[in-house]
Amino acid sequence: KLYSIESGIVIKSLKAFIDWSESLNFSHDSRYLVSGGSDSIGNFVKVWEIPSFSEVLKINGHVNAIYSVCYSPDGKYIVSGSCDGYIKIWNASNGAEVRSLTGEKQSMISSVNFSSDGKYLVSGHYNDEYAVKLWDFATGNLINTFNGHTGGVKSVNFSPDGKYIVRDR
């Protein structure tokens with residue numbers, strides 16, 4: 001559901017997936033809404049144009065449920081994280097896969113997010129690995145793995161200045 005902040009009224013209800021939708025994110029210019037989830041026919045990243053709410057893109061590339069989606073700060077890319085253990089980077093205009101990232105272990109990706117300058121990507125891992133990973137977005141190289149968590153990482157994000165990463169367990 002899309003709500004008006006001023007009135008609190010539901011502006012639009014979208015039925016994104018038959019089974020469930022796990023993650024939503026607006027593009028930085030607020031022209032598009034991306035969602036990730038699953039239904040009986042597959043695991044999809046879907047994009048709607050705002051304000052018409054017409055579905056403009058449907059991406060199928062994960063073999064398991066998608067738990068997190070986000071737009072790059074420049075709006076050129078969409079990133080999705082799945083319990084198939086892959087982070088996928090998609091071209092936001094045509095849905096083509098640009099790159100696929102995975103660590104040494106293919107643990108469930110519960111959260112993905114960009115630094116405000118778009119240089120870095122952070123991922124949270126939920127099952128056996130319990131880690132936070134920092135990636136160089138331009139190259140796809142893993143920069144660092146932050147271990148020592150005693151349980152699954154549910155959410156990750158950068159501070160606005162890009163100096164810190166925060167995670168929620």
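This report covers the overall build of a predicted model, then a few of its residues.

## Overall build

The protein chain has 16 strands and 0 helices. Its C-alpha trace spans about 45 × 40 × 30 Å along the principal axes. A compact globule of 169 residues would have a radius of gyration near 15 Å; the protein chain has 16 Å, so the two agree.

Of the 169 residues in the protein chain, 44% are buried. Take the contacts between residues at least 6 apart in sequence: 34% of them join residues at least 24 apart.

## Surface and charge

The accessible surface of the protein chain is about 8900 Å². Carbon and sulfur atoms account for 48% of that surface.

The protein chain carries 16 positive and 17 negative side chains. The centres of these two sets are 2 Å apart.

## The loop between β5 and β6

Strand β5 covers 42-49 and strand β6 covers 54-60, with proline 51 in the loop between them. The peptide bond leading from isoleucine 50 into proline 51 is cis. Its omega is near 10 degrees. Most peptide bonds are trans, and most residues other than glycine have a negative phi.

Phenylalanine 53 sits in the loop between β5 and β6. Its phi is positive, near 60 degrees, and the residue is not a glycine. Phenylalanine 53 has a relative accessible area of 12%; that is under 20%, so it counts as buried.

Serine 52 also belongs to the loop between β5 and β6. Its relative accessible area is 46%, which falls between 20% and 50%, so serine 52 is partly exposed. The side chain of serine 52 makes a polar contact of 3.0 Å with the side chain of serine 54. Tyrosine 32 is 20 residues away from serine 52 in sequence. Their C-alpha atoms are 10.0 Å apart in space.

## Serine 30

Serine 30 is in the loop between β3 (20-26) and β4 (32-39). Its phi is positive, at about 65 degrees, although serine 30 is not a glycine. Serine 30 is partly exposed, at 44% relative accessibility.

## Valine 69 in strand β7

Valine 69 lies in strand β7, which runs over residues 66-71. With a relative accessible area of 3%, under the 20% limit, valine 69 is therefore buried.

Neighbours within four places in sequence aside, valine 69 contacts Ser23, Leu24, Asn25, Val34, Ser35, Gly36, Val45, Val79, Ser80 and Val112. Serine 54 is 15 residues from valine 69 along the chain. The C-alpha atoms of valine 69 and serine 54 are separated by 19 Å.

## Serine 82 in strand β8

Strand β8 spans residues 77-82 and includes serine 82. The relative accessible area of serine 82 is 0%, so this residue is buried.

The side chain of serine 82 reaches the backbone oxygen of asparagine 64 at 3.0 Å. Asparagine 64 is also one of the residues in contact with serine 82 once neighbours within four places in sequence are left aside.

Definitions and conventions
Residues are numbered from 1 along each chain as its sequence is written. This is a predicted model: local features need pLDDT of at least 70, side-chain atom pairs count only at pLDDT 80 or more; totals for chains, interfaces and linings use all residues. Side-chain values use heavy atoms; hydrogens and water are left out. Helices (H or I, at least four residues) and strands (E, at least two) are DSSP runs, numbered from the N terminus. Buried means under 20% relative accessible area, exposed over 50%, partly exposed in between (1.4 Å probe, protein chains only). A polar contact is a pair of N or O atoms within 3.5 Å; within protein, one must be able to donate a hydrogen and the other to accept it, and residues adjacent in sequence count only if both atoms are side-chain atoms. Contact means heavy atoms within 4.5 Å. The radius of gyration is taken over C-alpha atoms; the globule rule is 2.2 Å times the number of residues to the power 0.38. Accessible areas come from the Shrake-Rupley method with a 1.4 Å probe; for residues, only the protein chains shown count as cover. Lys and Arg count as positive and Asp and Glu as negative; His and the chain ends are not counted. The place of a charge is taken as NZ of Lys, CZ of Arg, CG of Asp or CD of Glu.
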